[in-house]
Amino acid sequence: MNITELFAIAPIISITIVSLIVLLVEALVKRSEGLSYWISVVGLVVTAYFAIATLPLIGTAFNRMVTVGGFGSMFATLFSIAALLTIILSKDYLQKEHANFTEFYLLILFSTLGMMLMASAADLIVIFLGLELMSICLYVLAGFLRKKVLANEASLKYFLLGAFATGFLLYGIALLYGASGTTNISFIVQNSSTLSASPFFWIGLGLLLIGFAFKVGAVPFHMWVPDVYQGSPTTVSGFMATGAKAAAFAAFVLIFLHPQSENSEQVKTVLAVISAASMIVGNIIAISQSNIKRMLAYSSIAHAGYMLAGLAAGNQLGKTGILFYLVTYTFMNIGAFGILSLLEREEDKNLTFDDYAGLGFKRPFLAALMAIFMFSLAGIPPFAGFFGKYYVFVAAINANLTWLAILGVLMSVVSVYYYLRLTVLMYFKEGDMQIEGIISKTSLAVLTIAALIIIQLGVYPSSILNIINNLN
Amino acid sequence: MNFNITDIPLNSYLALSAILFSIGVIGVLTRRNAIVVFMCIELMLNSVNLTLVAFSAFHGNITGQILVFFVMAVAAAEAAVGLAIIIALFRNKMTMNIDEINIMKW
Amino acid sequence: MLVDYIPVGIMIVFGVAFGLFMMKASEWFGPKNPNEIKQSIYESGMEPIRSARERMSIKYYMVAMLFIIFDIEVVFMYPWAVNFRQLGMFGLIEMFIFVAILMAGFVYVWKKGALKWD
């Protein structure tokens, strides 16, 4: 080990140190919420800076345990920004729910660390550790409002099903190790043609796929998604839908879209079927929801389906599409959940579609932001959501999965119904939403920036595409 | 008494661990007490540990054993968090039956 | 190879069957005369005071939970201790970092009062 290796994993080291500082601050300082909020914000900005600075690096570090720069750094940047947005938006929300404790920021930081480890893993052990670090923190965050029965239930469901899925993932890792004698990802991928003679390899790969499919919330492993998103603190739901999903997709891409690999037809078919099922189930059930949080949960299942289409395609364009999609999805989904969290009142008030009627007259600015996020989620052209879908579907067509692309477009049309329903309610119907109480300027500023980024990425998608295409 | 771990064929270890894993899965799917469900999940993790150790011995490298260390540490963390979550729920609902944890549907 | 185990298998089957038969036989043939003392739980001669199924204090749970976590971490020190000489300075620094991170958690637990018994 030398200093260059330490610099190469600077984002990971930086967020670890920040988390430990926050931990000690909470232990040693009384009433530390305000202080640790600022330490977390500054620490995440520094981490994002290190992540961007390490982008051009190539190679692996620490005995081929982690990859350096490129892909991992891009995701590290994304995770830091997602955590930053979540923490800033959470402050108002936590004060409203009388649960503004330092542990919240701490758990967000630790789970971000887990996500970064997952995205920069070069070894199955690191993927496993990162996944568990992320998941265990999210189990606690889901039940953070511990006096609410709904939150307790969400937490328990997430925990039991998550640990169950971990069992499968781990068995998959064990069998892949048995087939190959190593846990190094590139070795396994490069020798997949010889290793595929062993039944362990196929069973292991299948179990691994189940574990990841669970974490991204793809059908048929999606049962937990709506309940957990509904019961968790609203900003945490946004973090789960973006950060945790992006981390699981990063691991997916590391194994199934490895540059030196060519997915076999069987894997491709399985991924395509999971993708199609997620799109259909997510979109159809989302229509019948009356709670917006639940609607967004089902829509996140559908979005996992769109991204899996890029994974099933298995080509370079599919990879680019998934990365672009994840970036845009992070901003629009944290934005949508952020607005929900600002308008939510105690005992889960203001969360149904009917509550949002007439918001366009009372709070025109918030309603406009919500409309932007909804249009982008629906994939309507001037916004970034459109290009994400466009790239993954084109990738699917290039890989002879035209039926999947057609299904995806059809399902996007279905999804327009429920996204626009909210917009129509906000602007064309009278309502009596109770929205007294403060909405802080910081939260509004953060949401505005998220909306601007979505518009910017929609108008000039090449600004981020160039970065993605130059990744090693 | 010179016993070597590789004296028993690999398939016996794998069969045992597959059986234990299946018992764990069936337990998770059929039992109704949250703590018993959690114990079944622990059984799954430990059966995987058996697989890893067996492979490690037969491959002659220690990667598998190292992974077992990590799995044990992770399982301990998971146990602590899991029991805390179950207690938080019990305080609010006075039940551990997962059939009664059903406020949210569709 | 499996054939060698047949005598063992027969032995197990007979052993279990015979044991079960004797237990049932004493129930069938033996005289029954239950009274209160015979029905009570055997506590090595002590009088049972109350039901053993009672709620434990949360303190036991806290201590047990912390024990599990810190206990398992020691596992990582064994491989290091075994290879202490080969790893040299590098290993020592790594272990200091590991323990420092663990200590941060310990300080948190301590200051939060999770280790206080009363």
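Two residues are in contact if their C-beta atoms, placed from the backbone, lie within 7 Å. By that rule the contact between chains B and C takes eight residues from chain B and seven residues from chain C. This is a predicted model, in which local features need pLDDT of at least 70 and side-chain atom pairs count only at pLDDT 80 or more, while totals for chains, interfaces and linings use all residues. Residues are numbered from 1 along each chain as its sequence is written, and chains are lettered from A and ligands numbered from 1 in the order in which they are written.

**Chain contacts**

- On the side of chain B that touches chain C, the classes are eight nonpolar, no polar and no charged residues; here Ala, Val, Leu, Ile, Met, Phe, Trp, Tyr, Cys and Pro count as nonpolar, Asp, Glu, Lys and Arg as charged, and the others, Gly among them, as polar.
- The contact of chain B with chain A takes 34 residues from chain B and 31 residues from chain A.
- Elements giving two or more residues to the chain B side of this contact with chain A are α1 (10-30), α2 (34-59) and α3 (63-93) of chain B; helices (H or I, at least four residues) and strands (E, at least two) are DSSP runs, numbered from the N terminus.
- α3(B) supplies the largest share of that side, 16 residues.
- The side of chain B that touches chain A divides into 24 nonpolar, eight polar and two charged residues.

**Helix α2(A) against α5(C)**

- Helix α2 (residues 10-28) of chain A packs with helix α5 (residues 84-111) of chain C at an angle of about 25 degrees, their axes 8 Å apart; axes are lines fitted to C-alpha atoms, for helices over the stretch in contact, and angles run from 0 to 180 degrees between N-to-C directions.
- α2(A) and α5(C) are therefore roughly parallel (under 35 degrees; over 145 is roughly antiparallel, 65 to 115 roughly perpendicular and the rest oblique).
- Their crossing is left-handed, a term for a near helix turned anticlockwise from the far one by less than a right angle, with right-handed if clockwise.
- Residues of α2(A) in this contact include A:Leu20, A:Leu23 and A:Glu26, and those of α5(C) include C:Ile101, C:Tyr108 and C:Lys111.
- By class, the contact of α2(A) with α5(C) has nine nonpolar, no polar and two charged residues.

**Helix α14(A) against α19(A)**

- α14(A) and α19(A) pack at about 160 degrees, with axes 11 Å apart, which makes them roughly antiparallel.
- The crossing of α14(A) and α19(A) is left-handed.
- Among the residues making the contact are A:Ser299 and A:Tyr306 of α14(A), and A:Gly408 and A:Tyr418 of α19(A).
- That contact has 10 nonpolar, three polar and no charged residues.

- Helix α17 (residues 364-378) of chain A has 15 residues and reaches 21 Å from first C-alpha to last, close to the 21 Å expected at 1.5 Å a residue (1.5 Å times one less than the number of residues).
- Of the 15 residues of α17(A), 12 are buried, so the helix is largely enclosed by the rest of the structure; a residue is buried if 20 or more other C-beta atoms lie within 10 Å of its own, exposed if 12 or fewer, and partly exposed in between.
- A:Gly379 follows α17(A) and has a positive phi, near 85 degrees.
- α18(A) is mostly covered, with 11 of its 15 residues buried, including A:Lys389.
- The buried residues of α18(A) pack against α14, α15, α17, α19 and α20 of chain A.
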